[in-house]
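Please read the points below with the sequence and the model open. They are meant for someone new to reading protein structures.

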Amino acid sequence: QVQLVESGGGLVQAGGSLRLSCTTSGRTFNSYVMGWFRQAPGKEREFVAAIRWIRWRGGNTDYADSVKGRFTISRDNAKNTVFLQMNSLKPEDTANYYCAVDLSAMGWGQEYREEYKYDYWGQGTQVTVSS
């Protein structure tokens with residue numbers, strides 16, 4: 001069983017920054033795709049960013065258009081942690097942010113913007129951006 005724990009959420013003013021972390025339990029993975037999604041009240045959960053890592057081959061990243069240029073996804077494999085650095089935050093970024101992981105990492109592309117590609121999910125961390 002894989003467990004994901006998010007942290008780093010909170011309340012911030014518009015224009016501010018937050019860094020979310022997602023730490024996976026147990027063993028180190030040689031390949032994975034980790035995604036960040038968010039869900040605002042009354043809305044469906046939506047894709048934010050994803051990172052693929054394959055040992056000896058490197059990684060790829062993908063971002064939703066709404067966060068491109070403001071958010072950066074990165075990893076620290078030694079700590080089994082993926083980060084989401086969020087800058088220039090806007091009130092519309094307010095949501096519960098979830099991380100999820102696909103341990104097969106068999107492909108890469110637009111399909112990783114869909115929830116069904118991910119096997120394990122965290123409980124979420126709340127981000128609130130005040131205007």
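**Notes on charged pairs, buried residues and a cavity**

1. Lys68 and Asp65 form a salt bridge through their side chains, with 3.4 Å from N to O. The term salt bridge is used here for a side-chain nitrogen of Lys or Arg within 4 Å of a carboxyl oxygen of Asp or Glu. Lys68 is partly exposed, at 48% relative accessibility, and Asp65 is exposed, with a relative accessible area of 62%. Buried stands for under 20% relative accessible area, exposed for over 50%, and partly exposed for what lies in between (1.4 Å probe, protein chains only).

2. Some background on the model is needed. It is a predicted model, in which local features need pLDDT of at least 70 and side-chain atom pairs count only at pLDDT 80 or more, while totals for chains, interfaces and linings use all residues. Residues are numbered from 1 along each chain as its sequence is written, and side-chain values use heavy atoms, with hydrogens and water left out.

3. How many salt bridges does a search of the whole structure find? The search gives 6. Side chains of opposite charge can pair when their charged atoms come close.

4. Strands are DSSP runs (E, at least two residues), numbered from the N terminus. Asp93 and Arg38 are both buried. They also belong to a network of salt bridges that links Arg38, Glu46, Arg70 and Asp93.

5. Arg45 and Glu115 also meet in a salt bridge, at 3.0 Å from N to O. This pair links distant parts of the chain, 70 residues apart: Arg45 is in the loop between strand 4 and strand 5, and Glu115 in the loop between strand 9 and strand 10 (120-121). Arg45 is partly exposed at 26% relative accessibility, and Glu115 is partly exposed at 31%.

6. Arg52, in strand 5 (residues 46-54), is buried but has no salt bridge. Its nearest side chain of opposite charge is Glu111, 8.2 Å away. For charge, Lys and Arg count as positive and Asp and Glu as negative, while His and the chain ends are not counted. Beyond four places in sequence, the residues that Arg52 touches include Tyr32, Val33, Ala105 and Trp108. Contact means heavy atoms within 4.5 Å.

7. Is Val67 buried or exposed? Val67 is buried, with a relative accessible area of 0%. Its place is the loop between strand 6 (58-63) and strand 7 (71-76). Leaving aside neighbours within four places in sequence, Val67 is in contact with Arg38 and Val48.

8. The count of cavities of 30 Å³ or more is 1. A cavity is a set of points on a 1 Å grid over the protein atoms alone where a 1.4 Å probe fits but cannot get out, and lining residues have an atom within 4 Å of a point. The largest cavity holds about 80 Å³ of space. It is lined by 10 residues, and those closest to its centre are Thr24, Phe29, Tyr32, Asn77 and Asn80. Strand 4 (31-39) and strand 8 (81-86) each supply at least two residues of this lining.

Notes: 1 Å grid on protein atoms, 1.4 Å probe; cavity = no way out; pocket = protein on both sides within 12 Å on 5 of 7 lines; lining within 4 Å. Points joined across faces, edges and corners; volume = space filled by probe spheres on them. Helix = DSSP H or I, 4+ residues; strand = E, 2+ residues; numbered from the N terminus.
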